[in-house]
Protein chains: 2
Amino acid sequence: MSQAPTYFEADVRLDRNSPVPLYHQIAQPIEDMILSGQLTPGTRLEDELSMARRLNVSRPTARRALQQLGDHGLLVRRRGVGTQVAPTRVHRPNQLQTVFDQMKSEGRKPTTEVLSYGSSPASAEVAAKLEIAPGTNITTIRRLRLCDHQPVGLMFDVVRSSIAPAAIALERDSFESALAERGVIVSMARQTVSARKATNPEAQLLRIPTGSIVLNLQNISYDESGKVTTYGEYLFRADRFALKGTLFAH
Amino acid sequence: MSQAPTYFEADVRLDRNSPVPLYHQIAQPIEDMILSGQLTPGTRLEDELSMARRLNVSRPTARRALQQLGDHGLLVRRRGVGTQVAPTRVHRPNQLQTVFDQMKSEGRKPTTEVLSYGSSPASAEVAAKLEIAPGTNITTIRRLRLCDHQPVGLMFDVVRSSIAPAAIALERDSFESALAERGVIVSMARQTVSARKATNPEAQLLRIPTGSIVLNLQNISYDESGKVTTYGEYLFRADRFALKGTLFAH
């Protein structure tokens, strides 16, 4: 068994002290390599046993990493051949692309200013939205999203304080990435998109005339166990932003 | 082997003359039964071999039906137990819920008027959107969507004439259902949502003052092979409609 492997072994660096789950640390860089075209369709990948041994992780961890890539349409399993990178047309791009990532993919330079950040016990109304007991400590965060130094969005989020990202993390990256740093992986979101006129205080922050049109995105995010992570309400200047999404029948 | 089966056998009526794929005719009613709660989590389903024999379909057809239900998070496979209805929290509702179905689920009564329906050779611009050769015959359809007899949406669609649904089918149901009747299953859509003011002719059809706010949904639908089926541009009265969606990280 001294022959060179004919399959691709991802050079993955694992941070065992990070709260980010190991399977996610394994799958994410492989996903990036496939989506960027670095790993081409047809490339064979090692099996879960080899991956588990090589990266020194448990077999269920390796299986879950490969499973996640399979779920994203990035890998296909073929009898007698093993696991291969799937043809491009079946790739399922992450549908939960954040607004932050959408802006980056459009060649803009998104930045974030945290306008306010505070904790309090949850009111009955907020508790219902987060599916927690009233009185549980929650953190309320208001952010201004800018693109190339121009205000584009006004973002309001409520999150259980036990998982609330630090303000500094939110000025660096998307809310979802800041949650992932804390080990919370958002896996589903329910969204409602409507449109209305901006109120006077909203218009001032967004630097538009009062009454200008804004897109209103209400968002409830869930982790992998189905628990609500975040309730958010976002306003975007309609003259500077359109929301993009990819939806699948399954 | 005369004991009663301990698993559920779906009473599926197949129309072998329909262009709707057989696996879809099998999976759809089972999906409805699971989502409506008629089939409860933990219920065992027959395996593909039994289903293929009982419904007199090929084994790949039965496999594909079960596969589709598995992809929707509705079935789980367990070693030694077989295929079972999955726990509710892992169900993945169809993300491609049509606006028509959303309106129905909100308790409204959507109806459709076909305003215009015509064929012509595709211009270079339209051909690029549908990913077809310029000059290919296309059908252009304008519809008015009403809820409880009040105009809510103005819908413009372009589709290859070879798969264009009949006007009468579009007055009965959603564009996707009308396509499915022709054997074309929409499996993915790319959407862009923005907001703007209605122009004068738009406002007249929607019965709102010129300049009222409308949601603008641009939609490209794809079939299971990745081929574009439809390019659509839809306007919704912002005072009467918000677009809902569920997004998954995988």
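How many residues does the contact take from chain A and from chain B? The contact takes 34 residues from chain A and 34 residues from chain B. The legends below start there and then move to other parts of this predicted model.

**View 1. Chain A meets chain B.** Welcome to the interface, with 34 residues from chain A and 34 residues from chain B in the contact. The size of an interface is often given as the accessible area lost when the parts come together. Here the area buried between chain A and chain B is about 3,100 Å², and carbon and sulfur atoms give 57% of that area. Four residue pairs, both residues at pLDDT 80 or more, are in polar contact across the interface of chain A and chain B, while the count of salt bridges across this interface is zero.

**View 2. The side of chain A that touches chain B.** Look for three strands of chain A here: S7 (186–197), S8 (213–223) and S10 (243–248) each supply at least two residues of this side. S7(A) gives the largest share, 12 residues. Sorted by class, the side of chain A that touches chain B has 15 nonpolar, 11 polar and eight charged residues.

**View 3. A strand pairing between the chains.** Strands of a sheet pair through backbone hydrogen bonds, either parallel or antiparallel. In this view, S7(A) pairs with strand S10 (residues 243–248) of chain B in the antiparallel sense, over six bridges.

**View 4. Two domains of chain A.** Chain A is divided into domain 1 (22–90) and domain 2 (99–237). Between the C-alpha centres of these two domains of chain A lie 32 Å.

**View 5. A salt bridge within chain A.** A:Asp157 and A:Arg143 meet through their side chains in a salt bridge, at 2.8 Å from N to O. This pair links distant parts of the chain, 14 residues apart: A:Asp157 belongs to strand S6 (residues 150–160) of chain A, and A:Arg143 to strand S5 (residues 137–147) of chain A. Over all chains, the count comes to 21 salt bridges.

**View 6. An open sheet in chain B.** Three strands of chain B form an open sheet in the order S1-S3-S2, with antiparallel pairing. Strand S1 (44–45) and strand S2 (75–78) of chain B stand at the edges with a single partner strand each, so one side of each has no neighbour in the sheet. S2(B) pairs with strand S3 (residues 82–85) of chain B over four bridges, in the antiparallel sense. A handy landmark is B:Arg77, whose bridge partner in S3(B) is B:Thr83.

Definitions and conventions. Residues numbered from 1 in each chain as written. Chains lettered and ligands numbered in written order. Predicted model: local features only at pLDDT ≥ 70, side-chain atom pairs only at ≥ 80, totals over all residues. Heavy atoms only, no water. Contact = heavy atoms within 4.5 Å. Buried area = accessible area lost by both parts, 1.4 Å probe. Salt bridge = Lys/Arg side-chain N within 4 Å of Asp/Glu carboxyl O. Polar contact = N/O pair within 3.5 Å; in protein donor to acceptor, adjacent residues only side chain to side chain. Nonpolar A, V, L, I, M, F, W, Y, C, P; charged D, E, K, R; others polar. Pairing = 2+ DSSP bridges. Domains from an automatic or database assignment.
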